[in-house]
Amino acid sequence: MQQERCSSPDRPLDPGCLLECDAERSADRLGCAAVDFPVAVVLPAGGSGERMGLATPKQFCTILNRPLISFTIQAFERLSWIGTVVVVVAKENHDLMLNIVKKFNHTKVKVVHGGTTRHRSIFNGLRAFSSTTDSLTPKPKVVIIHDAVRPFVEEDLLLKITLAAKEQGASGAIRPLVSTVIATTSEGYLDHSLERAKYRASEMPQGFLYDIIFQAYQRCSEFDFEFGTECLHLALQYCGTNAKLIDGPPTLWKVTYKRDLAAAEAIIKETLSMSACIIAGAEAEAVELAKALQKNLNMMETDVIPCAKESNTEYLSKTRNFIHISRTASNFLGTLDMVKRFEHTDHARLYPVVVVWVQLNMTNKSVDSQKTDELAFRTLASEVILGNVLLYGIQIDHTKVPEQWERSVERLAQITVALIRDRNAALTGQLLHA
Ligand SMILES: Nc1ccn([C@@H]2O[C@H](COP(=O)(O)OP(=O)(O)OP(=O)(O)O)[C@@H](O)[C@H]2O)c(=O)n1
Ligand SMILES: O=C(CO)[C@H](O)[C@H](O)COP(=O)(O)O
């Protein structure tokens, strides 16, 4: 994964990536201690995604079978110090949104209807907290506003934004500008250009004392509602509140064009591929293969464990990739057992779990028994994919010739990495050969 390096503040670096990680989990513990006041979220998701050019609004486009909006909701919902998440959608997408909430078990969401512009939608979202009768949406001290189409918001930034909003009344994430901003004449000539180092791109999330931003929206003009693009500006103009600006990471960018969807998918896949658990059993040859494979999977963090059962709980929370090595030909009962266990947990609900069954052949198998294996394996794969488990198979023939064995293990590692990285549903149930 790419980490952001130290640089001059006016030059952005490549996008990095983050889903949930240990740092975030410990931030959540810090968050609970630091945020001892009610915090709620408004996610405007009422746009049509004109620039994306697809029939489906971008917030409902799917990545790994899950709508983009669900990733964004989850980024907030997983934090214990965040209360209600108000999602603002166009009226015609109300039922679609409720289905997403149900399918992905979002528990903090309240859905309200949007308006014809982003500012109108945000105002509708804020209004949900002004009703004194709705106990599901009590008025928060701080409200975070975040575009539904920026799925990679991290907890440490949310904490900074929230605490700064509580202290200063308003806060917002900023990024260095990628291009220089210029003003043009009506004839299409350069009028003047701005000194890039002095300016920043305003991103999301933004945080506000609820009373300030609600008042700003109540006071703002029709022109603001129709053409405005900046909530921080409303807080300044209508409530005199100068927002505290906080440097955000590059992953905050807004999914706007088709290529952004591909980039978001790549970030999610890359993050999901960072670790794997190799289950090797107790048989010497399988353990030997597990260790050799581990060496070849050096760009991934891997653990080798003897048995899925005992260590299941720990590894279920640590990784979404499992490599099961079984020595006995035609026997994938261990894999079956493990895969079935995913069905009883919630582990595969949000992200697909990959299980690679590595079949270590000690002897040459008859063509007939191979066919039986393949059929049974394919049937199992087509069943478990319904539970969001992607099951792949790779056969490797044992050999005592060292160079040949090394080449096979290398190929096994390459295929395994490709399957884990790509998470391609079309390849499940295939028995490949290393
Ligand atoms: N009437 C609107 C318009 C926009 N948004 C939301 O505001 C966020 C940022 O807006 P933008 O990227 O401009 O989204 P769209 O308006 O959908 O895209 P486009 O401008 O390309 O049509 C998105 O989550 C979008 O759904 C909204 O809630 N209500
Ligand atoms: O960055 C933002 C506010 O600071 C907004 O996401 C942005 O201004 C929305 O504009 P548009 O809907 O035209 O993309």
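Predicted model: local features only at pLDDT ≥ 70, side-chain atom pairs only at ≥ 80, totals over all residues.
Let's start with the backbone. Most peptide bonds are trans, and most residues other than glycine have a negative phi. With that in mind, find Met-204 and Pro-205: the peptide bond joining them is cis, with omega at about 10 degrees. Pro-205 sits in strand β10, which covers residues 200–209.

One is Asn-65, whose phi is positive, near 65 degrees. You'll find Asn-65 in the loop between β2 (62–63) and β3 (66–67). The other is Arg-423, where phi is also positive, near 45 degrees. Arg-423 belongs to the loop between α14 (402–422) and β17 (431–433).

Arg-423 has 23, so Arg-423 is buried.

Now back to β10, this time for a ligand. Ligand 2 is surrounded by Arg-118, Asp-147, Ser-202, Glu-203, Met-204, Thr-229, Glu-230 and Lys-254. Spot Met-204 in there: that's one of the partners in the cis bond. Strand β10 gives the largest share of this shell, with 3 residues. Sort the shell by class and you get 5 charged, 2 polar and 1 nonpolar.

What about ligand 1? There are 22 residues around ligand 1, and the ones that come nearest are Pro-44, Gly-46, Gly-47, Glu-50 and Arg-51. The elements giving two or more residues to this shell are β1 (39–45) and α4 (118–127). By class, the shell around ligand 1 has 11 polar, 6 nonpolar and 5 charged residues.

Last stop: two helices. Which angle do α10 and α14 make where they pack? It's about 60 degrees, and the axes of α10 (residues 284–296) and α14 are 9 Å apart. Their crossing is right-handed. On the α10 side, the contact is made by Leu-289, Ala-292, Leu-293 and Asn-296, while α14 brings in Val-409, Glu-410, Leu-412 and Ala-413. That contact has 6 nonpolar residues, plus 1 polar and 1 charged. If you follow α14 past residue 422, you come to the loop that holds Arg-423.

Key:
Residues numbered from 1 in each chain as written. Chains lettered and ligands numbered in written order. Helix = DSSP H or I, 4+ residues; strand = E, 2+ residues; numbered from the N terminus. Buried ≥ 20, exposed ≤ 12 C-beta atoms within 10 Å, placed from the backbone. Near = placed C-beta within 6 Å. Nonpolar A, V, L, I, M, F, W, Y, C, P; charged D, E, K, R; others polar. Axes fitted to C-alpha atoms, helices over the stretch in contact; angles between N-to-C directions. Left-handed = near helix turned anticlockwise from the far one by under 90°. Contact = placed C-beta atoms within 7 Å.
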